[in-house]
Amino acid sequence: MKGTQLGELQEVILLSILILDDDAYGLKIQQDISERLNRRLSRGALHTALTRLSEKGFVTSHYGGATQERGGRRKRYYALTVSGKASLREMKTLRDEMWSLVPSTQLL
């Protein structure tokens, strides 16, 4: 299973892509994470993580049409693969199991 583990940032990016659905492209993902987590995410860090997620087979991407507002450049849209969704489910299950084992008095 080497190479299929998710880091925190990768997990957050995958969740953001799911939330944004058909509107999941670089700038939107970056803005979504910044707003939800109150955390600044550089474009370079985002693209590095997206590249790694793609190499793991967790995301695919495609280019949309060129737009005049972007000076003729196309947006690159991202979507989760079946493996990406399975990895997220595994992470959620693991976290839920671990949280259920924490005695409630430990959180006071």
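This is a predicted model: local features need pLDDT of at least 70, side-chain atom pairs count only at pLDDT 80 or more; totals for chains, interfaces and linings use all residues.
Let me start with helix 1, residues 8-20, and helix 4, residues 82-101, whose axes come within 11 Å of each other and cross at roughly 120°. Helices here are DSSP runs of H or I with at least four residues, strands are runs of E with at least two, and both are numbered from the N terminus. The axes are lines fitted to C-alpha atoms, for helices over the stretch in contact, and the angles run from 0 to 180 degrees between N-to-C directions. Helix 1 passes helix 4 in a left-handed crossing, a term used if the near helix is turned anticlockwise from the far one by less than a right angle, with clockwise giving right-handed. On the helix 1 side the contact is made by Glu11, Leu14, Leu15 and Leu18, and on the helix 4 side by Gly84, Lys85, Leu88, Met91 and Arg95, where contact means heavy atoms within 4.5 Å. Sorted by class, this contact has five nonpolar, one polar and three charged residues; Ala, Val, Leu, Ile, Met, Phe, Trp, Tyr, Cys and Pro count as nonpolar, Asp, Glu, Lys and Arg as charged, and the others, Gly among them, as polar.

Residues are numbered from 1 along each chain as its sequence is written, and side-chain values use heavy atoms, with hydrogens and water left out.

Now the overall picture. The protein has four helices and two strands, which follow the pattern α-α-α-β-β-α along the sequence, and its C-alpha trace spans about 55 × 30 × 20 Å along the principal axes. Of its 108 residues, 31% are buried, where buried means under 20% relative accessible area, exposed over 50%, and partly exposed in between, with a 1.4 Å probe and protein chains only. Among contacts with a separation of 6 or more, 52% are between residues 24 or more positions apart.

Which residues touch the most other members of the largest nonpolar core? In this core of 20 residues they are Leu6, Ile13, Leu14, Ile17, Ile29, Leu53 and Val59, and a nonpolar core is a set of buried Ala, Val, Leu, Ile, Met, Phe, Trp, Tyr and Cys residues joined through side-chain atoms within 4.5 Å. Helix 1, helix 2 (26-37), helix 3 (43-55), strand 2 (74-80) and helix 4 each supply at least two residues of the core, and helix 1 gives the most, with five. In soluble globular proteins, nonpolar side chains tend to be buried together.

Ile17 lies in helix 1 and counts as buried at 3% relative accessibility; leaving aside neighbours within four places in sequence, Ile17 is in contact with Ala24, Ile29, Leu50, Val59, Tyr78, Ala79 and Leu80. Val59, with residues up to four places away again not counted, touches Leu14, Ile17, Leu50, Leu53, Ser54, Tyr78, Ala79, Leu80 and Thr81.

Gln10 is also in helix 1, and this residue is buried, with a relative accessible area of 11%.

Turning to aromatic rings, a search of the whole structure finds one pair, formed edge-to-face by Tyr25 and Tyr77, at 5.6 Å centre to centre and with 75° between the planes. Rings of Phe, Tyr and Trp (its six-membered ring) pair if their centres lie within 6.5 Å, and planes under 30 degrees apart count as stacked, over 60 as edge-to-face and the rest as tilted. Because Tyr25 lies in the loop between helix 1 and helix 2 and Tyr77 in strand 2, the pair ties together parts that are 52 residues apart in sequence. Tyr25 counts as buried at 12% relative accessibility, and Tyr77 counts as buried at 18%.

Finally, the loops. Asp21, in the loop between helix 1 and helix 2, has a positive phi of about 55° although it is not a glycine. Asn38, in the loop between helix 2 and helix 3, also has a positive phi, near 50°, and counts as exposed at 73% relative accessibility.
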